[in-house]
Amino acid sequence: MKFFASIVIMIVLGVVTSPADAATLRLGDMCRLKGQEINTLQGLGLVVGLRGTGDNDAAPTARALSRMMQLMGGSMAVDSLGQLDLNDVAEAKNVAMVFVTARIPAVGSHTGDQIDVTVNAINAKSLEGGYLMLTPMLGPRADNPTVYAVAQGRVKVSVDGPATTGTVQGGAKMEATVPASFQKDGMITLILERDFASFDNTQRIEDEVNSLSALTLGDSGRSGSGSGSRNNRPRAQAIDQLHVQVHIPELYQENPIKFISLLLNLPIQIASHSSRVVINEREGIVVIGKDVEVAPVLVTHRNLRIEAGGVGGLVGVDDKVDERDTAKLKNLADALNALDVPTSDLIAIIKTLKAKGDLYGEVVFQ
C-alpha cells in the first residue's frame, strides 16, 4: 500500500478594512480628444519589376496595365469594338495588382507630408524586388472620389514576413490636408482609453473639471462672483462610460489650445484595480491585486491540502471556519510559490475557485 504525503497550508486571514487605494493620473494619460483619430487611405495599384512572380492570366491586372500604359502615351491595340486589346499584356509575369493602404496619424496631415504605405498582393506569389507605380489614394468611403494622396516607390518585403506583403517608406505624398478637428461649437469631447472606461471614471472627470475655478484657469481679474466669472468656468458632462463633453470657457474661446493643455494636465484620482486578477496562460504570468480575497474553502490539489480562512487568521484541519472570514489570494499564491508549485497549478486553482464563486474579484484572461 502506498501512502501519499499531504501538505496542509494555512492561509492568513486578510479581511479588507479600508477602501481601495486610488491612483492619480494626468487626464491626458487616460483619454484622447474626439477628432484625433487615425484615418486610413486606400487604393488599387500595380507593382512592376517582379521576377516572374506576378499575376498569372489575371484579366483585371491586364486591363489595369493596358489602361495605365494608354494614359502614359503608350500605343495600345484595340479590338473591333474599340476596347483595349488585352492580348498584348496578357502574358506579363512581372506585374501584380495590389491593394495599397496608408494611415494618417491622429494629429492629421498636411499637403506635401509623406507617410508610409502598405502593399498587399491580390494574386501574385511574391512582391520582392517590385516597384509600386503611381497610385491614387482615396478615403475610406467609396462614394468620395477625392484623391488625398498619391503613392509610389520601391516595395520592401520583410525578411520574416510573407512575401506577398510589403511597405514603401514615405511612399505616399499628401495631396490634400486632413486636419485633426478637436472642437465643435465651442465644445470638446474627451474619449477615455478602454482600460479606463467606466461610469465611475467619467463621473470623477466631470466632478474634477467642474470644480476648476476661474482663478485656477488664470482669470484672476474676473474671478469674482459675477456672471462673467461663471462663464469663464468650464462645464463638463459625462455622457457614458467613454465620453465626457466639456464646454470651452469664454476666456479661452480665442485660444482653445491653452485650455486643452491645462485640461489634459489635470490630475484625476481613479479607483485602483487591486481586486483584479490578470492571467496570461500562454506566457505563464499571473498578476494578483492585493485586495482579491478567497472565501473559507478547502482545496485539495495533487498532494496539497489547502484551507483558507478561519478565526484568528489561521485554520487547522479540525478547526471550525467562520463563513464570514476570508483570506487573501496573494497569500495563497505566496504559499504555493514557496513550495515550488508550478504556475499552471496556481492558474488551475484560481479557475476552480472562480467557477465555484469563492474568489472575490475580477479575473481577466489574456
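**A helix pair and its surroundings in a predicted model**

Colleague: At what angle do helix α5 and helix α6 pack, and how far apart are their axes?

Modeller: In this predicted model, helix α5 (residues 329-338) packs against helix α6 (residues 343-356) at an angle of about 150 degrees. Their axes are 11 Å apart.

Colleague: Why is α5 described as roughly antiparallel to α6?

Modeller: Angles over 145 degrees count as roughly antiparallel, so the angle between α5 and α6 places the pair in that class.

Colleague: Which residues of α5 meet α6?

Modeller: From α5 they are Leu329, Leu332, Ala333 and Leu336. Their partners in α6 are Leu346, Ile349, Ile350 and Leu353.

Colleague: And by class, how many residues in that contact are nonpolar, polar or charged?

Modeller: The contact of α5 with α6 has 8 nonpolar residues, with no polar and no charged ones.

Colleague: Is the crossing right-handed or left-handed?

Modeller: The crossing of α5 past α6 is right-handed.

Colleague: Turning to the whole protein, how many helices and strands are there?

Modeller: The secondary structure consists of 6 helices and 22 strands. The protein has 366 residues, of which 37% count as buried.

Colleague: What share of the contacts join residues at least 24 apart?

Modeller: That share is 70%, taken among contacts between residues at least 6 apart in sequence.

Colleague: What is the mean pLDDT?

Modeller: The mean pLDDT of the protein is 79, and 75% of the residues reach 70 or more. Over residues 1-6, however, the pLDDT is below 50, and this stretch has 3 contacts in the model beyond near neighbours in sequence. Residues 222-228 also stay under 50. For that stretch the model has 9 contacts beyond four places in sequence.

Colleague: Where does Asn280 lie?

Modeller: Asn280 belongs to strand β15, which covers residues 276-280.

Colleague: Why does Asn280 count as buried?

Modeller: Buried means under 20% relative accessible area, and Asn280 counts as buried because its relative accessibility is 13%.

Colleague: Which residues is Asn280 in contact with, leaving aside its neighbours within four places in sequence?

Modeller: Those contacts are with Ile285 and Gln366.

Colleague: One more residue: is Asp185 buried or exposed?

Modeller: Asp185 counts as exposed, because its relative accessibility is 72% and the cut-off for exposed is over 50%. Asp185 sits in the loop between β10 (165-174) and β11 (187-192).

Colleague: What is the phi of Asp185?

Modeller: The phi of Asp185 is near 55 degrees, which is a positive value in a residue other than glycine.

Notes:
Residues are numbered from 1 along each chain as its sequence is written. This is a predicted model: local features need pLDDT of at least 70, side-chain atom pairs count only at pLDDT 80 or more; totals for chains, interfaces and linings use all residues. Side-chain values use heavy atoms; hydrogens and water are left out. Helices (H or I, at least four residues) and strands (E, at least two) are DSSP runs, numbered from the N terminus. Buried means under 20% relative accessible area, exposed over 50%, partly exposed in between (1.4 Å probe, protein chains only). Contact means heavy atoms within 4.5 Å. Axes are lines fitted to C-alpha atoms, for helices over the stretch in contact, and angles run from 0 to 180 degrees between N-to-C directions. Angles under 35 degrees count as roughly parallel, over 145 as roughly antiparallel, 65 to 115 as roughly perpendicular and the rest as oblique. A crossing is left-handed if the near helix is turned anticlockwise from the far one by less than a right angle, and right-handed if clockwise. Ala, Val, Leu, Ile, Met, Phe, Trp, Tyr, Cys and Pro count as nonpolar, Asp, Glu, Lys and Arg as charged, and the others, Gly among them, as polar. pLDDT is the predictor's confidence in each residue, from 0 to 100.
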